[in-house]
Amino acid sequence: MKSRYLRPMRDVAENMYSAHNRTLIELARRNEKIVSCYADFPPGEVGEVFSKEFPDRIIDVGIAEGHLITCAAGLADAGLIPFTHCHALFSLGRGYNQIRQNVAYDQRNVKIVLCNAGVIWGGIGPSHLALEDIAALRVVPKLVILSPADAVSSEKATLAAADYVGPVILRLPAIGANYPTLYTPDLKFEIGKAICVHEGNDVTILATGILVHDALVVAERLVKDGIRARVLDIHTIKPLDEKAILAAARETGAIVTVEDASILGGLGGAVAEVTSEKCPVVIRRVGVQDQFGESGTSEEIKECYGLTAPFIKKAVQESLRVKRSKAAPTKPSARRGKKR
């Protein structure tokens, strides 16, 4: 069933990093074990509050991302709950070994916030865009990977990460941008449980992060064409909600995945792995192809990489065409008999 927590109108846009920060402040006020850690990254509104209210619970290690992760692992060993903040590229590129060895392998209670994740990060330049984060991290055992779609789910994901005992990756998009708010404040957010934001039995769109909104827009437009598309917000990349995905495969027979990261090993790859083994269906993947990112406005980048509504709609139509062609009965070949 469609989530009852969906806003009737998406006329508000909010900053997801700010929403995370507000929640982190609330957590710190309630729980003295919460620690906020940074590596050459602006703490924003959290910094001013933490420095005044919790001066001994805010740590900035400078340009030392690997040390940031190791430091957080040590804090977790001491019984604290550290949230690390860093550009996604540098957390991944310079701290991957520490994430794997010191956090995941040793099951330390560290929350790693990947800031500015994905392909859409304005004019920063391709060298700073981490498009491989989902693929690189979902193969690491014992990691939980969260990818919220708006400010409300960002707040809920932060709360869920703090409550979860173990390592969590929290994937946040460009920190300087606002994104449409999809959900009401009373959203029920559960790790590993997808949220249905649009009902339908013709095809399913599985979207994650900020592109959930675009997928929802497409589904609403397709209704006019007589196509009922189910849309699931896959806010947890790992553990994947296999039950919801397999139900969608069985009930709709066609799937389109949508992500603002590389399709190689990303959400599309994860869904393909599950369905190919347990319920093979037509799959089309919308995401970044095998290439690096580019600079530009959000809309320019989305257009460049085929992430806008028209591209998603095209993928849906293609998946339906293939689904119908497979379902169509084949005509028996005519056999010419000999005259007697």
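**Exercise 1. Strand E7 in this predicted model: which residues lie on each side of the strand, and are they buried or exposed?**

Solution. Now apply it to E7, residues 168–171. Val-168 and Leu-170 sit on one side. Ile-169 and Arg-171 sit on the other. Each of these four residues is buried, so both faces of the strand are covered.

**Exercise 2. Which strands pair with E7, and in what sense?**

Solution. Take E5 (residues 111–115) to begin with: E5 and E7 pair in the parallel sense, over four bridges. Lys-111 has Val-168 as its bridge partner in E7. Next, take E6 (residues 144–146). E6 also pairs with E7 in the parallel sense, over three bridges. Here Ile-145 is partnered by Ile-169 of E7. Last, trace the connection. From E6 the chain passes through helix H6 (residues 151–163) to E7, a β-α-β crossover that is right-handed.

**Exercise 3. How many aromatic pairs does the model hold, and how are they arranged?**

Solution. The count is two aromatic pairs. Tyr-17 and Phe-41 form one: 5.7 Å centre to centre, with 90° between the planes. An angle over 60 degrees counts as edge-to-face, so this pair is edge-to-face. Now place the rings. Tyr-17 lies in helix H1 (residues 16–30), and Phe-41 in the loop between strand E2 (34–38) and helix H2 (45–53). They are 24 residues apart, so the pair links distant parts of the chain. Both Tyr-17 and Phe-41 are buried.

Phe-50 and Phe-54 form another pair, at 5.0 Å and 65°, again edge-to-face. Both Phe-50 and Phe-54 are buried.

Terms used
Residues are numbered from 1 along each chain as its sequence is written. This is a predicted model: local features need pLDDT of at least 70, side-chain atom pairs count only at pLDDT 80 or more; totals for chains, interfaces and linings use all residues. Side-chain values use heavy atoms; hydrogens and water are left out. Rings of Phe, Tyr and Trp (its six-membered ring) pair if their centres lie within 6.5 Å; planes under 30 degrees apart count as stacked, over 60 as edge-to-face and the rest as tilted. Helices (H or I, at least four residues) and strands (E, at least two) are DSSP runs, numbered from the N terminus. Buried means under 20% relative accessible area, exposed over 50%, partly exposed in between (1.4 Å probe, protein chains only). Two strands pair if DSSP finds at least two bridges between them. A crossover is right-handed if, with the strands pointing away from the viewer, the path from the first strand over the helix to the second runs clockwise.
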